[in-house]
Amino acid sequence: MDIAVKQWKQALQYELQGEDYQSLVYTSHEGIPILPFYTAENVKESFGVGVKTQVMIPLFVRDKELTLARISLWKGFSVGDFLLVIQQDTTQAEVLQWLLKEANYIFATSLVDVTAYQNAGATIVQQIAFAIAQITENISALQGRDIAIKVAVGGSLLLEIAKLRAFRRLLSECFPQYNIQLIAEVSNRGLSLQKGDYNRNYVHLAYEGAVLGGVDYLLPKNPLFFKKSHLNIEKENVGVINKLLNNRQSALLNGACAIEALSYEIYKKSSELLEQVMKAGGFTMLLNSNKLQRQIKQKADEEQAIFDKQCDALLAGTTLTFYGRKEWDFYPFSKRQAEKGVIIPLVAKRLWEKIEKQYGQKDDTNSRTSAL
């Protein structure tokens, strides 16, 4: 053992005053131990990521002139990457005929969207394993040698960075002949109706996790509950992302002991779960039998119980202010769906919903301040 490592452990033992060193080891909901500090001894295998993230703007293609005007506007802000969602009354081939050539476009119809897993409460390991199982069974439907994958990123900075690197590593092993492009959006899972800076901080942490994790493109986060001017909000968020990109890039963390150790641990656990999925008949088999949905719900319920317990302990006596019914424009709570169909749907649900309903929505006043 390195002398410096011994000295660190001795210092920790002294500060613990007789308490067990293991008390400092936090085990995540995924069952991944997070150590108080990491050294080269903890790194089993390294995996370098050198992606330079770019901002990508989502555009709903309804009108040719309006779409071209929006593209030109964003190009004026040095943004040249766009995710296009076209209306049903037009086709991708028609849109390609009039799009500006001096930009990069990815059509929503050609990407693999795996954001539902995280938004429904899947663990990091489940997100990776189920996403790759899904891609594996649909690989023949993809055109060309590019795979564009839309992923959700939350506010747990360290784990999200490690997740994205582990995901890219396993993707590169499973699909070595393909060019992988990761498009990240901020997950709704941790967003809240709280007033103040909570959501802003959550979104900014997710942005940083996406950049340091090595996504190719990052989508600015639009308001979830309010009818605000999306263009102004997007401009603000693009500014935040660009400022982040000026001094952050994924290569900075190559060789960082904590990131390398955690991403490898997530990679191994995801590989094991992926193998189990394939042995059980594959993605479609698990989906049609509702086993996949029930596995995710089990972990989501466990995460919710942990979150509720932490809130009870950490927020006791704390005053929080929530937006009331008269203030939000879109219904903020998940809608329970009856399990009548053959296939049970994955239901996106935010962790804060129970607390918001219990304390923040008891009347129709504009807002409510509650002591939890």
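**Exercise 1. List the residues that line the largest cavity, then sort the lining by element and class.**

Solution. The lining is made up of Val114, Gln118, Gln127, Ile128, Ala131, Val151, Ala152, Lys163, Leu164 and Phe167. Two or more of the lining residues come from each of helix H5 (124-138), strand E8 (146-153) and helix H6 (157-174). Here a cavity is a set of points on a 1 Å grid over the protein atoms alone where a 1.4 Å probe fits but cannot get out, and lining residues have an atom within 4 Å of a point. Helices (H or I, at least four residues) and strands (E, at least two) are DSSP runs. Next, the classes: seven nonpolar, two polar and one charged.

A friendly word on the model: it is predicted, local features need pLDDT of at least 70, side-chain atom pairs count only at pLDDT 80 or more, and totals for chains, interfaces and linings use all residues. Residues are numbered from 1 along each chain as its sequence is written, and side-chain values use heavy atoms, without hydrogens and water.

**Exercise 2. Find how much space the largest cavity holds.**

Solution. Start with the count: one cavity of 30 Å³ or more. The largest cavity then holds about 90 Å³, a volume being the space filled by probe spheres set on the points.

**Exercise 3. Decide whether Ser270 is buried or exposed, and name its contacts.**

Solution. First, locate Ser270 in helix H9 (residues 257-279). Ser270 is buried because its relative accessibility is 0%; the cut-off for buried is under 20% relative accessible area (1.4 Å probe, protein chains only). Finally, beyond four places in sequence, Ser270 contacts Val125, Ile128, Ala129 and Leu170, with heavy atoms within 4.5 Å.

Key:
Buried means under 20% relative accessible area, exposed over 50%, partly exposed in between (1.4 Å probe, protein chains only). On a 1 Å grid over the protein atoms alone, a cavity is a set of points where a 1.4 Å probe fits but cannot get out, and a pocket is an open set with protein on both sides within 12 Å along at least five of seven lines; lining residues have an atom within 4 Å of a point. Ala, Val, Leu, Ile, Met, Phe, Trp, Tyr, Cys and Pro count as nonpolar, Asp, Glu, Lys and Arg as charged, and the others, Gly among them, as polar.
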